Amino acid sequence: MSQGDANLAAVPHAAEDIQGDGRWMSQHLRFVLDCKDKEPDVVFVGDSMVQLLQQYELWRELFSPLHALNFGIGGDTTRHVLWRLQNGELENIKPKVIVLWIGTNNHENTAEEVAGGIEAIIQLINTLQPQAKVIVMGLLPRGEKPNPLRQKNARVNQLLKSSLPKLFNVQLLDMDGGFVHSDGTISCHDMFDFLHLTAAGYAKICKPLHELIMQLLEETPEEKQATLA
């Protein structure tokens, strides 16, 4: 594609079945079935940061009681999430809160493109689920020591801080400050592979996230209508 074409990070695209076992599509179709069978108040959408969360006790302790669904697929980019949401993962349900955590796998895109892809997902959610409040999780730092990908993720968060207030029913939860030590390193006690979180790492993220979700869930219908008016 030429430079004049649209932001690729904002163009829906199904993941390629590189391994040949159809796992990505199978996971997507399971999520679509969940939408037909369940009535979630909260839906989590994203990549492995979302997917792996449900393996920890924190998920069962904090989010399962909220009738939360986990629509995380490892390796996903903004393009994959856009495609999934356009193809059934937000049908037949009416969640009150949608948590979006995506972007760290967009290696082929600039920070500006990644932020634009996230904004496109938010706009799609606003169209398909106008009643839902959206929480965008800021991208975490990555790599044991400072590196270009960490810098790019920080830049994405900066862009989102300025752009999200202009969008409807959305707020950014940026938690990157607690992981980088004064010498610029990240501990394996927080991120076992310097990307994915340990139980201790998730605890730093999930407790503030749970508090924010509870605030949004406790809004009365009257307050919601005032917000929408």
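Is Pro 141 buried or exposed? I will come back to that residue in a moment, after a word on the model itself. What we have here is a predicted model, in which local features need pLDDT of at least 70 and side-chain atom pairs count only at pLDDT 80 or more, while totals for chains, interfaces and linings use all residues. Residues are numbered from 1 along each chain as its sequence is written, and side-chain values use heavy atoms, with hydrogens and water left out.

So, to the opening question: Pro 141 is buried, with a relative accessible area of 7%, where buried means under 20% relative accessible area, exposed over 50%, and partly exposed in between, with a 1.4 Å probe and protein chains only. Pro 141 lies in the loop between β4 and α6, and helices (H or I, at least four residues) and strands (E, at least two) are DSSP runs numbered from the N terminus. Leaving aside neighbours within four places in sequence, Pro 141 is in contact, meaning heavy atoms within 4.5 Å, with Arg 150, Asp 176, Phe 179, Val 180, Ile 186 and Met 191.

Pro 95 and Val 42 are 53 residues apart in sequence, yet their C-alpha atoms are 5.4 Å apart in space.

Let me turn to helix α5, residues 111-128, which has 18 residues and reaches 26 Å from its first C-alpha to its last, close to the 26 Å expected, the expected span being 1.5 Å times one less than the number of residues. Among its buried residues are Val 114, Ile 118, Ile 121 and Ile 125, and the buried residues of α5 pack against α4, β3, β4, α6 and β5.

How do α4 and α5 cross? Their axes come within 9 Å and cross at roughly 10°, where axes are lines fitted to C-alpha atoms, for helices over the stretch in contact, and angles run from 0 to 180 degrees between N-to-C directions. That makes α4 roughly parallel to α5, since angles under 35 degrees count as roughly parallel, over 145 as roughly antiparallel, 65 to 115 as roughly perpendicular and the rest as oblique. Residues making this contact include Val 81 and Leu 85 of α4, and Gly 117 and Leu 124 of α5.

The largest nonpolar core has 34 residues, and those with the most contacts inside it are Val 45, Leu 85, Leu 100, Ile 118, Ile 121 and Val 136; such a core is a set of buried Ala, Val, Leu, Ile, Met, Phe, Trp, Tyr and Cys residues joined through side-chain atoms within 4.5 Å. Helix α5 gives the most to this core, with nine residues.

Asn 169, in the loop between α6 and β5, has a positive phi of about 60° although it is not a glycine, and Asn 169 is buried, with a relative accessible area of 9%. Phe 194, in the loop between β5 and α7, likewise has a positive phi, of about 65°, but Phe 194 is partly exposed, with a relative accessible area of 22%.
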